[in-house]
Amino acid sequence: MTYRAPINDILLSLNHGAGLAAAVKAGHYGDFDGDITAAVLEEAGKFASDVLAPLNKVGDEHGIKLNSGQVTTAPGWPDAYQRWTAAGWNAVSGPEAFGGQGLPLAINAACTEIWSASNVAFGLCPLLTLSAIEALDAHGSDELKTIYLEKLVTGEWTGTMQLTEPNAGSDVGALRTRAEKQPDGTYRIKGTKIFITYGEHDMTDNIVHFVLARLPDAPAGTKGISLFLVPKFLVNGDGSLGARNDIYASGVEHKLGMHASPTCTMTMGDQGGAIGYLVGEENQGMRCMFTMMNQARLGVGLEGVGVADRAYQQALAYAQERRQGKAVGKQGDGMDPIIVHPDVKRMLMQMRSMTAAARSICYATAVALDVSVRAKDAKVRAEAAARGALLTPIAKAFSTDIGNEVAYLGVQIHGGMGFIEETGAAQHYRDARITSIYEGTNGIQSIDLVTRKLGANGGASVWALLDELAAIVKQVETSNDPAFGTTGAKLRDALAALERSSKWLLERLGAAPNDALAGATPYLRLFGATLGGCMLAGEALAAKANGAAEPQRYVALARFFAENVAVQATSLEKTVTDSAEAVNGADAVLLG
């Protein structure tokens with residue numbers, strides 16, 4: 001089946017769950033006209049349905065080809081990319097001074113979900129280019145910005161992020177790629193990088209690589225890493241492309257999913273070393289790279305949302321068409337569509353509600369990041385930056401876990417046909433799997449949440465967020481709408497569990513850090529489930545208050561999530577607080 005962007009759901013989540021409308025009203029977005037949001041997303045949905053979605057299966061089946069260092073993408077890929085850039089989609093949130101439209105990151109986040117849902121392997125390319133733009137704009141010299149930034153913003157050139165090496169995956173500080181400064185101020189880069197997404201392709205004339213490397217006299221570990229801009233083709237003084245740089249794809253990976261996205265081994269130094277240009281200061285590369293990574297982590301979370309929504313749409317269509325068995329109590333001949341069966345309804349509601357919760361968390365992260373740079377008041381900017389930092393690991397990990405779980409349920413609803421490639425359900429399952437691994441595994445996101453974000457500013461960001469969520473729960477309870485069922489009570493229990501777990505972890509971080517780390521992953525899940533449940537309830541209240549079409553369906557969605565997903569919060573709390581001894585004492589089992 002094809003894909004249709006759920007514009008009404010997206011707008012409700014963006015404006016009310018994530019707080020875009022309130023932030024615009026408060027003046028944090030300057031002269032941005034929020035009324036254009038719907039028009040932008042409608043056009044994005046059309047492009048996704050008409051151009052990108054039809055190529056999704058083509059790319060999966062055809063994959064990519066490597067020949068003599070050149071990668072050929074699937075049929076239709078280069079043309080689709082040219083149409084993409086011509087329509088201005090790469091420039092949505094780019095700086096206006098360099099050819100961008102200057103729209104909020106939150107708008108681009110909604111677009112990213114749409115691209116990911118229609119064709120996640122295609123959408124991965126501009127996702128990384130956006131991260132490259134952020135890093136160059138924030139840390140690059142004026143000269144580098146003049147040469148490269150407009151080309152990246154418009155999408156004429158694409159960008160990559162090159163961290164991982166054979167001996168240095170999550171432990172970036174162990175990387176061995178070397179950089180040596182030259183008399184002309186450039187650097188010669190030698191080394192090998194692996195798992196480089198879109199490291200080589202045929203969709204653009206040039207590719208701008210952002211490469212982490214170590215100078216000869218650099219300190220050990222992450223403190224001695226620098227960031228370099230390394231173009232595939234050098235750029236002449238007049239802006240034209242010059243000589244081919246010494247950076248090549250020496251291999252491509254054969255993967256479980258994402259077949260249409262080239263994942264390359266990149267080799268530098270076969271011909272004396274690739275010419276690179278320092279971004280930021282020497283030995284400050286990790287600070288610059290985190291600008292890219294945080295942007296990419298939100299983007300990957302949105303990939304999880306997109307794949308989940310695509311899997312849900314396909315499962316819903318199949319359940320409405322596939323006939324098997326009869327509804328309970330039905331008489332007469334003939335079989336009914338499987339959507340009449342309660343367990344199928346349960347799975348579909350679980351798919352849709354979890355997708356909606358993950359969507360709102362990602363959008364809220366984008367709004368916080370927007371306000372952190374757009375608001376006029378310094379205190380508002382600082383609080384928004386802290387909120388964005390807190391939400392980023394949750395957006396990445398919770399949403400990609402949800403993407404995997406929803407795609408799994410999509411296969412289950414298809415039954416045996418879900419295990420057959422021709423239905424397409426299996427592709428979503430395969431494509432989703434990488435999202436919980438790259439841009440920092442979800443375990444690393446959990447560690448980041450517990451060790452860095454939870455205690456930042458004395459936990460002020462967490463307590464402020466919990467207060468906001470408690471206010472939503474109070475509104476649900478005082479609405480006296482019987483359609484909410486036990487939503488208010490379930491969410492209040494979840495909030496209490498989250499508060500207790502947060503305090504317990506803060507106490508353990510200093511005295512018993514391994515206890516805190518043992519509970520990090522269930523804590524992130526507890527946080528995401530509670531946050532997502534409260535946000536869905538807030539959206540349901542907004543739908544009722546604003547006269548949305550069929551508001552009760554949003555109430556039903558919030559109720560289902562609260563009573564089937566958020567209700568797990570108290571059990572997750574027990575896992576966080578009670579299982580540390582069992583986890584830390586597991587050596588007798590694992591190593592015995």
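1. Surface patch. M417, F419 and I420 form a nonpolar patch on the surface of this predicted model, with about 320 Å² of accessible area together. Patches are made of residues with over 30% relative accessible area and no salt bridge, where like charges are joined within 9 Å and nonpolar side chains (Val, Leu, Ile, Met, Phe, Trp, Tyr) within 5 Å. Accessible areas come from the Shrake-Rupley method with a 1.4 Å probe, and for residues only the protein chains shown count as cover. F419 lies in the loop between helix 9 (378-414) and helix 10 (425-433). Helices (H or I, at least four residues) and strands (E, at least two) are DSSP runs, numbered from the N terminus. F419 has a relative accessible area of 73% and is therefore exposed; buried means under 20% relative accessible area, exposed over 50%, and partly exposed in between (1.4 Å probe, protein chains only).

2. Basis of the values. Residues are numbered from 1 along each chain as its sequence is written, and side-chain values use heavy atoms, with hydrogens and water left out. The model is predicted, and local features need pLDDT of at least 70, side-chain atom pairs count only at pLDDT 80 or more, and totals for chains, interfaces and linings use all residues.

3. Helix 9 against helix 12. The axes of helix 9 and helix 12 (residues 460-479) are 10 Å apart, and the two helices pack at an angle of about 85 degrees. Axes are lines fitted to C-alpha atoms, for helices over the stretch in contact, and angles run from 0 to 180 degrees between N-to-C directions. Helix 9 and helix 12 are therefore roughly perpendicular to each other; angles under 35 degrees count as roughly parallel, over 145 as roughly antiparallel, 65 to 115 as roughly perpendicular and the rest as oblique. On the helix 9 side, A386, R387, L390 and L391 meet S461, V462, A464, L465 and E468 of helix 12.

4. N119 belongs to helix 5 (residues 105-139) and is buried, with a relative accessible area of 1%. Leaving aside neighbours within four places in sequence, N119 is in contact (heavy atoms within 4.5 Å) with L52, L55, N56, W77 and R310.

5. In helix 11 (442-453), the residues N442, Q445, S446, D448, L449, V450 and K453 are buried. Their cover includes helix 7 (285-321), helix 9, helix 13 (487-511), helix 14 (513-518) and helix 15 (520-545). E439 is placed in the loop between helix 10 and helix 11, and at 17% relative accessibility E439 counts as buried. Although E439 is not a glycine, its phi is positive, at about 60 degrees.

6. F195 and G169. F195 is in strand 5 (residues 187-197) and has a positive phi of about 60 degrees although it is not a glycine. G169 is found in the loop between strand 3 (158-162) and strand 4 (178-181). At 39% relative accessibility, G169 counts as partly exposed. The C-alpha atoms of G169 and P219 are separated by 19 Å, the two residues being 50 apart along the chain.

7. L369 in helix 8. L369 is found in helix 8 (residues 342-374) and counts as partly exposed, at 24% relative accessibility. Apart from neighbours within four places in sequence, L369 is in contact with L105, L298 and G388. Its C-alpha atom is separated by 38 Å from that of G69, 300 residues away along the chain.

8. In one of them, the side chains of R359 and E113 meet at 2.9 Å, N to O. This pair links distant parts of the chain, with R359 in helix 8 and E113 in helix 5, 246 residues apart. R359 and E113 are buried.

9. D343 forms a salt bridge with R346, the closest N and O atoms being 2.8 Å apart. Both residues lie in helix 8, three residues apart, about one turn of the helix. D343 is partly exposed at 43% relative accessibility, and R346 is partly exposed at 33%. The side chains of R374 and D370 also meet in a salt bridge (3.9 Å, N to O). R374 and D370 are separated by about one helical turn because they are four residues apart in helix 8. R374 counts as partly exposed at 28% relative accessibility, whereas D370 counts as buried at 4%. Elsewhere, salt bridges that share partners join D9, R352 and R553 into one network.

Terms used: Salt bridge = Lys/Arg side-chain N within 4 Å of Asp/Glu carboxyl O.
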